[in-house]
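I opened my notebook to go through one protein structure, feature by feature. Here is the model I had on screen.

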Amino acid sequence: MKPIRLLFAAGAVALATLAPAAEVPYLSGRVVDNAEILKPETRSALTNTLKAHEDKTTDQIAVLTVHSIGGQSIEEFATGVMDKWKLGQKGKDNGVLIIVVPDDRKMRIEVGYGLEGTLTDVQSSRIIRNLMTPAFKNGDYDGGVRAGVDAVIATLEGKATPAADDSTTTASSTTKVNFIEDKDLPPWPTRILIGAFVFGIIGLFTWIGIMTPQMGWFLYFFLIPFWAMFPIIVLGVRGALMLLGVYLVGYPIAKFFVSRQPWYQKAKTDLKTTGRANIGGWMVSSSGSSGSSSSWSSSSDSGGGFSGGGGSSGGGGSSGSW
């Protein structure tokens, strides 16, 4: 099982690298509104507020809006901007970057290492979730960005902030953050490429299960969790549930009709009498298989299947979407 899951992980990483990295804009001021979602008076007020805070504390806070970052993750893009802009004082690393990507419906508060103890990941997440996201959902970018900036400054200056969760919303908010929502999916070109890879693998094993007399029902139950989880990356939660339903119903129906075909009955008899059978050009045996173009094993200890990998990223802050 492990090699194929490792292959899936490697394929996902390879597909992610196909998407071109978004270009880091030029740092033209404390507010770089390349997406043009803020009113002139809002940009001016934010600039004055951020300058006053920097004069008071030396903390450097910048706001950036861009239309889209393509298939790049908001965390990777934010890190690239921080590295190029070098926000914060040298030796203090006291910079904060607030990014809003309206076309991708993503945002992030990236926090320099020197301020991570003051503006924690949890506090950044609450600011995004409780102040910025509701405003953005209503189309109020000016109000959302100003609320986010004010809350970040209040947190850094040790003042009370309205971003704290109350006892009635903490549990539900945590569930929303940890659950994959349709709006958090990658762009469609990336989803199509990932879908071709994912459905190619589990589709192949599904075809083998339907066409093979001995391993069919084992593969049917074995593939259920894969059909339940992997399609979420491409189709979202609702689409994955619909596809799972099609699989749960369609597989037995297809298996029923295939099992009534003469060639299937012959293959079933051949496996019982000779231990080998030819199924669509595949030479299948009761313990394994061989053929001119491909092979697979039906034994449980053959070593094939799925397993997973993982990764990590550094930097403090929090991301969100709306």
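**Ground rules.** I worked from a predicted model, where local features need pLDDT of at least 70 and side-chain atom pairs count only at pLDDT 80 or more, while totals for chains, interfaces and linings use all residues. Residues are numbered from 1 along each chain as its sequence is written, and side-chain values use heavy atoms, with hydrogens and water left out.

**Overall picture.** I looked up the secondary structure and found ten helices and seven strands. These are DSSP runs numbered from the N terminus: helices are H or I with at least four residues, strands are E with at least two. Of the 322 residues, 43% count as buried. For burial I used relative accessible area with a 1.4 Å probe and protein chains only: buried is under 20%, exposed is over 50%, and partly exposed is in between. The protein exposes about 16800 Å², and carbon and sulfur atoms supply 59% of that area. Accessible areas come from the Shrake-Rupley method with a 1.4 Å probe; for residues, only the protein chains shown count as cover. I then checked contacts, meaning heavy atoms within 4.5 Å. Among those between residues at least 6 apart in sequence, 69% join residues at least 24 apart.

**Cores.** Which residues have the most contacts inside the largest nonpolar core? I noted Val-96, Ile-98, Ile-109, Met-132 and Val-152, in a core of 28 residues. A nonpolar core here is a set of buried Ala, Val, Leu, Ile, Met, Phe, Trp, Tyr and Cys residues joined through side-chain atoms within 4.5 Å. At least two residues of this core come from each of α2 (40–57), β2 (60–65), β3 (95–101), β4 (106–111), α4 (121–137) and α5 (141–156). The largest share, seven residues, is supplied by α5. Apart from this core I found another, of 18 residues, including Ile-202, Leu-219, Leu-223 and Val-258. As background, nonpolar side chains in soluble globular proteins tend to be buried together.

I went back to Met-132 and listed its contacts, leaving aside neighbours within four places in sequence. They are Ile-98, Val-100, Met-107, Ile-109, Ile-127, Gly-144 and Gly-148.

**Salt bridges.** My search of the whole structure gave six. The criterion is a side-chain nitrogen of Lys or Arg within 4 Å of a carboxyl oxygen of Asp or Glu.

- Lys-51 and Asp-55 meet at 3.0 Å, N to O. They are four residues apart in helix α2, so about one helical turn separates them. Lys-51 is partly exposed at 39%, and Asp-55 is exposed at 54%.
- Glu-157 and Lys-56 meet at 3.5 Å, N to O. Glu-157 lies in the loop between α5 and α6 (170–178) and Lys-56 in helix α2, so this pair ties together parts 101 residues apart in sequence. Glu-157 is partly exposed at 23%, and Lys-56 is exposed at 57%. Lys-56, Glu-157 and Lys-159 are linked in a salt-bridge network.
- Arg-108 and Glu-110 meet at 2.5 Å, N to O. Are these two buried or exposed? Arg-108 is buried at 7%, and Glu-110 is buried at 5%.

**Aromatic rings.** I counted twelve aromatic pairs. Rings of Phe, Tyr and Trp (its six-membered ring) pair if their centres lie within 6.5 Å; planes under 30 degrees apart are stacked, over 60 edge-to-face, and the rest tilted.

- Phe-222 and Phe-226 are a tilted pair, 5.4 Å centre to centre with 45 degrees between the planes. Both lie in helix α8 (residues 216–229), four residues apart, about one turn of the helix. Phe-222 is partly exposed at 21%, whereas Phe-226 is buried at 10%.
- Trp-263 and Tyr-264 pair edge-to-face, at 5.9 Å and 70 degrees. Trp-263 is partly exposed at 34%, whereas Tyr-264 is buried at 4%.
- Ring pairs also link Phe-199, Tyr-220, Phe-221, Trp-227, Tyr-247 and Tyr-251 into a cluster.

**Surface patch.** Last, I looked up a nonpolar patch made of Leu-248, Val-249, Ile-253, Phe-256 and Phe-257, with about 470 Å² of accessible area together. Patches are made of residues with over 30% relative accessible area and no salt bridge; like charges are joined within 9 Å, and nonpolar side chains (Val, Leu, Ile, Met, Phe, Trp, Tyr) within 5 Å. Phe-256 sits in helix α9 (residues 232–259) and is partly exposed at 42%.
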